[in-house]
Amino acid sequence: MDMTEETWRYLRLDRLYADYCACLDEDRLEDWPELFLDDGVYKMVSRENYSQGFQIPLLLLDSKNMLRDRVYSLRNANIYQAHRYRHAISGVRITAHSDAGLEVSSSYIVVQTLSEGFTEIYQAGSYYDQLVETPDGLRFKQRLVVYDTARIKTLLATPI
Amino acid sequence: MDMTEETWRYLRLDRLYADYCACLDEDRLEDWPELFLDDGVYKMVSRENYSQGFQIPLLLLDSKNMLRDRVYSLRNANIYQAHRYRHAISGVRITAHSDAGLEVSSSYIVVQTLSEGFTEIYQAGSYYDQLVETPDGLRFKQRLVVYDTARIKTLLATPI
Amino acid sequence: MDMTEETWRYLRLDRLYADYCACLDEDRLEDWPELFLDDGVYKMVSRENYSQGFQIPLLLLDSKNMLRDRVYSLRNANIYQAHRYRHAISGVRITAHSDAGLEVSSSYIVVQTLSEGFTEIYQAGSYYDQLVETPDGLRFKQRLVVYDTARIKTLLATPI
């Protein structure tokens, strides 16, 4: 294992994930689709379905334009209670890498603060990512969100 | 971007933040002010105020001596329920850097265990930091704590 | 401090901790004992006991075979409610290192999702580790888990 290369790979991963979380947690939703390829996929599947091999998604956005549309809709059309997320990402592991890109898994815990001012756990789960190198940096070819939390107290509005 | 320099910068940041959390989570409060410059500032502002441009702080300590005074007061004068924090820091991002220092943002989730033995989310929010290099390592010129959680169940005693 | 060596040391630590969490969070329990030495020790002590110098453990497994036995028992003999953990590790600090190995402390927050689908904080606390270098990578000579959370809602089944 080349130590310098390995270090650099994890540092770039950490940067991508920090940027991703900042888009969602610091209310910079418009920047979120830009971390995906043009044909990038964002998919949410429950743990139960995923474990049994059924990948019927709760949410499926299969291009950057669909992600942008989702953000536009959140800003302009959807009605939902004001809320703020805060992500904690942990256990980042590169599970495969080749010239074509990286496969990476990690864990997330997302807490949510509603307008009443209380903070509660919103959702926990895993990210399973396919990432590719682009001239602009690492980008998501696919982010598969497998959520442990089958029951959430409010509608899913902002992506995880 | 110089890869080695960039790697080193993030490693030193991680070390500073780990030390900061250990001061608060491992009951080593006396070491906490030492991570600030002599004229370092610690400020807590609510998300609501911050978003609207009002920076009226819930708490403002504007020198290392004031931070020490706060710790002395916590140890000797204040009455509050015994509690233990546990910080999870995520999404560390350098947003600006120059010869003068670094600007860094990150997310925190703090859980609290009271003497009854239950652990609950205490507070979530962002740190916005101004850091400078000193002969002793990176130090806080300012730590601005913007808390999402407007309602907390107990008095704020120990800093976040 | 040798910057490259220091960087490399923390990267390897992060990898070990990510692997550790993946064993527990991704239901790969059988891989968990393999991160310990043959005579490795896994011990859980309450914060209250630990602070007063009493190290009477809630759980003590003092060899890799005992860890394996625990996993076998969880898979085949114990009766407990289906659950899934999700670890957030933060504040990793090397507190001592020599040719013999590393001493490292860190903080954990573990959330749990039960079969009803709700996610709650299960436990928070500190890991105090003794690690040694082996041909297979860093391994646990001892993991001491000091848990802040004295009251948990369900039996402890899966290790923390």
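Through which surfaces do the copies meet, the same or different ones? Different ones, because only 12% of the interface residues of chain A are also interface residues in chain B. Before clicking on, note that this is a predicted model, where local features need pLDDT of at least 70, side-chain atom pairs count only at pLDDT 80 or more, and totals for chains, interfaces and linings use all residues. Residues are numbered from 1 along each chain as its sequence is written, chains are lettered from A and ligands numbered from 1 in the order in which they are written, and side-chain values use heavy atoms, with hydrogens and water left out.

Select chains A and C. Here 22 residues of chain A are in contact (heavy atoms within 4.5 Å) with 26 residues of chain C. The two chains bury about 2,000 Å² between them, 63% of it on carbon and sulfur atoms; that is accessible area (1.4 Å probe) lost on being put together, summed over both.

Next, pick C:Arg86 and A:Asp148. They form a salt bridge, with the closest N and O atoms 3.1 Å apart; the rule wants a side-chain nitrogen of Lys or Arg within 4 Å of a carboxyl oxygen of Asp or Glu. Two salt bridges turn up across this interface.

Last stop: chains A and B. A rotation of 120° with 0.0 Å of shift along its axis superposes A on B (RMSD 0.0 Å), fitted by least squares on C-alpha atoms of residues with pLDDT of at least 70 in both. That is the relation of a three-fold axis. Click A:Ala88, the residue of chain A that comes closest to the rotation axis, at 4.0 Å (C-alpha).
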